[in-house]
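User: I would like to go through the ring contacts in this structure and the reasoning behind each label.

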Amino acid sequence: MSKNAATVLVVDDSAFMRKLIAELVESTGAFRVVATAGDGIEALQKIRALRPDIVTLDIEMPRLNGLQTLEQIMAEMPRPVVMLSAAGSELGNEMTLRALERGALEFVKKPSGPVSIDLSTVREQLMSALDAARAMNMGGMRSPASATSATIDGAAPSKSPGAATKVVAIASSTGGPRALAEIVPHLPDDLGAAVIIVQHMPREFTKLLAARLDTMSPLWVGEAINGKVLRENRVYVAPGGLHLTLGGETGNASIRLDNSPAIWGVRPAADPLFFSVADIFGRSAIGVVLTGMGRDGAEGLRRIRGAGGKAIVQDRESSIIYGMPQAALAAAGADRIAPVREIAPLISDLCAARSREIGA
């Protein structure tokens with residue numbers, strides 16, 4: 001094992017699962033398990049005493065569950081946290097999404113046993129999450145802004161039936177749910193554009209993500225449906241496992257979903273969406289690249305700028321992982337580089353400016 005191995009605390013209420021996860025963590029020699037804990041209270045005690053670099057945290061535990069433990073970690077001693085959730089649990093999925101919004105870096109579905117056919121897949125996902133944890137920017141973990149007043153008082157959003165003549169395409173990955181929760185609820189209900197989000201997530205989580213953003217936002221938010229006409233003042237989330245592109249023309253564009261091969265190792269990927277947005281909407285397109293590992297969205301953002309559209313890239317300081325924004329800047333440059341809290345107002349301003357140009 002490397003002397004520079006990152007230290008990890010493994011937290012799970014199952015002794016068997018603690019042993020299995022610890023073995024997976026140490027399997028490459030890049031990480032060293034310094035201790036394990038059986039619940040959230042024990043975990044907090046060991047984090048205070050041992051100061052591990054990374055924590056893997058079970059969602060459903062006695063005494064103090066994973067979400068409560070995460071909130072205490074982030075308030076008292078922030079560090080990268082990877083959530084582990086049992087497959088097929090709707091409550092676990094919802095809690096996992098809430099954990100991602102509240103500071104967890106990534107999530108991995110727990111293996112079902114040492115002879116499980118999914119063990120190699122789980123190991124690969126866990127190693128990827130731990131690698132991301134070592135690259136995590138803790139400076140980007142400030143408290144999210146509060147939701148809009150329309151969300152708090154329950155005012156019904158306006159739902160325009162008009163076909164979209166402007167599009168905002170957003171790419172996000174690791175750290176994305178937290179960033180999206182700071183952006184989408186602060187977009188006005190009269191934005192005048194359709195918003196399409198590609199967040200790297202499995203299907204069961206993209207559906208939950210859309211539902212949670214919908215409850216927080218003055219704009220309607222939902223998972224994209226194949227063949228639907230794109231409408232302004234609506235937010236569409238690409239379903240996990242499917243690429244989303246647009247067909248047709250400005251003012252009559254429609255959603256196309258397909259299960260063609262993964263790009264950059266992910267499906268949905270942002271690049272196919274960005275390419276189609278550039279081709280159809282040109283100067284009436286805005287591309288946004290947020291926090292995440294890898295380079296998805298970089299080539300697509302270059303296509304949008306080349307077609308006369310605008311580009312916003314999240315800054316280094318507020319990005320949980322700076323990989324995607326950095327790649328986008330290198331490939332395409334940007335019209336604006338902004339902290340996450342300023343991105344919603346920027347989107348609104350650019351949409352309004354384009355409306356004025358069209359009306360002039």
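Analyst: In this predicted model, the charged end of arginine 234 sits over the ring of tryptophan 220, 5.3 Å from the ring centre.

User: What makes arginine 303 count as lying over the face of phenylalanine 275?

Analyst: Arginine 303 is 4.2 Å from the ring centre of phenylalanine 275 and lies over its face. The distance cut-off for a charge over a ring is 6 Å.

User: How many aromatic pairs does a search of the whole structure find?

Analyst: The search finds two. In one of them, the ring centres of phenylalanine 107 and phenylalanine 205 are 4.3 Å apart and the planes are at 40°.

User: Why is the pair of phenylalanine 107 and phenylalanine 205 called tilted?

Analyst: Stacked needs planes under 30 degrees apart and edge-to-face needs over 60. The planes here are at 40°, so the pair is tilted. Phenylalanine 107 is in strand β5 and phenylalanine 205 in helix α8, 98 residues apart.

User: Why does phenylalanine 107 count as buried?

Analyst: Buried means under 20% relative accessible area. Phenylalanine 107 has 11%, so it counts as buried. Phenylalanine 205, at 0%, is buried too.

User: What makes the pair of tryptophan 220 and tyrosine 236 edge-to-face?

Analyst: The planes are at 65°, with the centres 5.8 Å apart, so the pair is edge-to-face; the label requires over 60 degrees. Tryptophan 220 belongs to strand β8 and tyrosine 236 to strand β9, so the pair ties together parts 16 residues apart in sequence.

Key: Residues are numbered from 1 along each chain as its sequence is written. This is a predicted model: local features need pLDDT of at least 70, side-chain atom pairs count only at pLDDT 80 or more; totals for chains, interfaces and linings use all residues. Side-chain values use heavy atoms; hydrogens and water are left out. Rings of Phe, Tyr and Trp (its six-membered ring) pair if their centres lie within 6.5 Å; planes under 30 degrees apart count as stacked, over 60 as edge-to-face and the rest as tilted. Helices (H or I, at least four residues) and strands (E, at least two) are DSSP runs, numbered from the N terminus. Buried means under 20% relative accessible area, exposed over 50%, partly exposed in between (1.4 Å probe, protein chains only). A charge sits over a ring if NZ of Lys or CZ of Arg is within 6 Å of the ring centre and within 35 degrees of the ring normal.
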